[in-house]
2 protein chains.
Amino acid sequence: MIAPALTKNQSLVFDVLTRAEQPISAYTILDRLREHGFRAPLQVYRALDKLLEAGLVHRLESLNAFVACAHRNSSCCAAGHAHGTVAFAICTGCGQASEFHDSEIDGRLNAWSKARRFRPEKTTIEIRGLCEKCAA
Amino acid sequence: MIAPALTKNQSLVFDVLTRAEQPISAYTILDRLREHGFRAPLQVYRALDKLLEAGLVHRLESLNAFVACAHRNSSCCAAGHAHGTVAFAICTGCGQASEFHDSEIDGRLNAWSKARRFRPEKTTIEIRGLCEKCAA
DNA sequence: TTCGTTGCGTTATGCTATAACGTGTGGCAT
DNA sequence: ATGCCACACGTTATAGCATAACGCAACGAA
């Protein structure tokens, strides 16, 4: 998988996500890009589709929000290196999301799938709760 | 935790979910209950809130849909017995969702949380893909 | 009785996502 | 060069999911 250069819209959306300190919704992205000429949700969603495909961005299902991949600097995403499933811990207090990976969990899920002849395509793992600061 | 008796609306919603062969959306539930007098989404959502609280029903985040707990007959839910985290394999072909549990995965997630002093409240695990039949 | 809690019904609204149309541009084989 | 195709883009409209805010009724505890 070769990562194609991002288009203008894709870069704008990716920039917004990179700067954001939390996961943000597509409509929030839209609002932040109005000054750059964005006017319709589809402009955001289309860019997000490509970014998700490229693995540069993740979608948080329990939040209906999006976040830049925490590994974007390690070049593993751009290189198309398929790391395992991504997991998130999402603080309901401050809204921050921590991305992590656990190959043992991947292994268990793959084992389950294999035993059932289920062919996995995309896996979501999200823990909602309170981070250390917010739980205090 | 003692399970309080379900109200009329809660029973109606639960019945619809129990009969459904797949996860269904709140609006689908609403449509199926119009002949029973349901007229507004809130009637469904309020019932769902209670059923979710009681553990009789699960929400599938990646689908925005709901499903009856697969263990409803084993009395573990009604008894308030906290089984571990629930995981689902969701077939994007036929729409069926298989509920399962894996204590080892629970263990890994708990270990991560403990190490980070993250206090988990609700965990979502969903694998989307194709079931054996649909992959053929 | 008085009050608080809970469930219920209704209207209105907000947020999330996609359908369907058309335009323009760049690559590329003929 | 020409014709074609793939792709990104823009716009309008609509579909689908969820909750706010009001008021009423029933019930049980103090």
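Near is used for a residue whose C-beta atom, placed from the backbone, lies within 6 Å of the molecule or strand. Nonpolar covers Ala, Val, Leu, Ile, Met, Phe, Trp, Tyr, Cys and Pro; charged covers Asp, Glu, Lys and Arg; the others, Gly among them, are polar.

Before you click on, note that this model is predicted: local features need pLDDT of at least 70, side-chain atom pairs count only at pLDDT 80 or more, and totals for chains, interfaces and linings use all residues. Residues are numbered from 1 along each chain as its sequence is written, while chains are lettered from A and ligands numbered from 1 in the order in which they are written.

**Stop 1: DNA strand C**

Show the 20 residues around DNA strand C. Highlight A:Ser25, A:Asn64, B:Thr7, B:Asn9 and B:Ala40, which come nearest. Now colour by element. Helices (H or I, at least four residues) and strands (E, at least two) are DSSP runs, numbered from the N terminus. H2 (26–32) and H3 (41–54) of chain A each give at least two residues to this surface, as do H1 (8–19) and H3 (41–54) of chain B. H3(B) supplies the largest share, six residues.

**Stop 2: DNA strand D**

Move to DNA strand D, which 19 residues surround. The closest are A:Thr7, A:Asn9, A:Ala40, B:Ser25 and B:Asn64. Which elements each supply at least two residues of the surface near DNA strand D? They are H1 and H3 of chain A, together with H2 (26–32) and H3 of chain B. H3(A) gives the most, with five residues. By class, the surface near DNA strand D holds nine nonpolar, seven polar and three charged residues.

**Stop 3: helix H1 of chain A**

Select residues 8–19 of chain A. This helix, H1, has twelve residues and spans 17 Å from its first C-alpha to its last, close to the 16 Å expected at 1.5 Å a residue. The expected span is 1.5 Å times one less than the number of residues. Show side chains for A:Gln10, A:Leu12, A:Val13, A:Phe14, A:Val16 and A:Leu17, the buried residues of H1(A). A residue is buried if 20 or more other C-beta atoms lie within 10 Å of its own, exposed if 12 or fewer, and partly exposed in between, with C-beta atoms placed from the backbone. The cover over these buried residues includes H2, H3, S1 (57–60) and S2 (65–68) of chain A.

**Stop 4**

Next, pick S3 (87–91) and S4 (97–100) of chain A. These strands run antiparallel and are joined by four bridges. Strands pair if DSSP finds at least two bridges between them. A:Ala89 stands opposite A:Ser98. Five residues lie between the strands, and A:Gly95 takes a positive phi near 85° in this hairpin.

Stay on S3 for A:Ala87. Buried or exposed, is A:Ala87? A:Ala87 counts as buried, because 22 C-beta neighbours lie inside 10 Å. A:Ala87 and A:Ile125 are 38 residues apart in sequence, yet 4.7 Å apart in space, C-alpha to C-alpha. Leaving out residues up to four places away in sequence, A:Ala87 touches A:Phe100, A:His101, A:Asp102 and A:Ile125. Contact requires C-beta atoms, placed from the backbone, within 7 Å.

**Stop 4: where the chains meet**

Show both chains. 30 residues of chain A are in contact with 29 residues of chain B. On the chain A side, H4, S5 and H5 (132–135) each give two or more residues. The largest share, twelve residues, comes from S5(A). That side divides into twelve nonpolar, six polar and twelve charged residues.

Zoom in on S5. Eleven bridges join S5(A) to S5(B), and the two run antiparallel. A:Thr124 stands opposite B:Glu126.

Select A:Arg117, in the loop between H4 (103–116) and S5 (119–130) of chain A. Its phi is near 55°, a positive value in a residue other than glycine. A:Arg117 counts as exposed, with 12 C-beta neighbours inside 10 Å. Then pick B:Arg117, in the loop between H4 (103–116) and S5 (119–130) of chain B. B:Arg117 has a positive phi of about 55° and is exposed, with 12 other C-beta atoms within 10 Å.

Notes: Contact = placed C-beta atoms within 7 Å.
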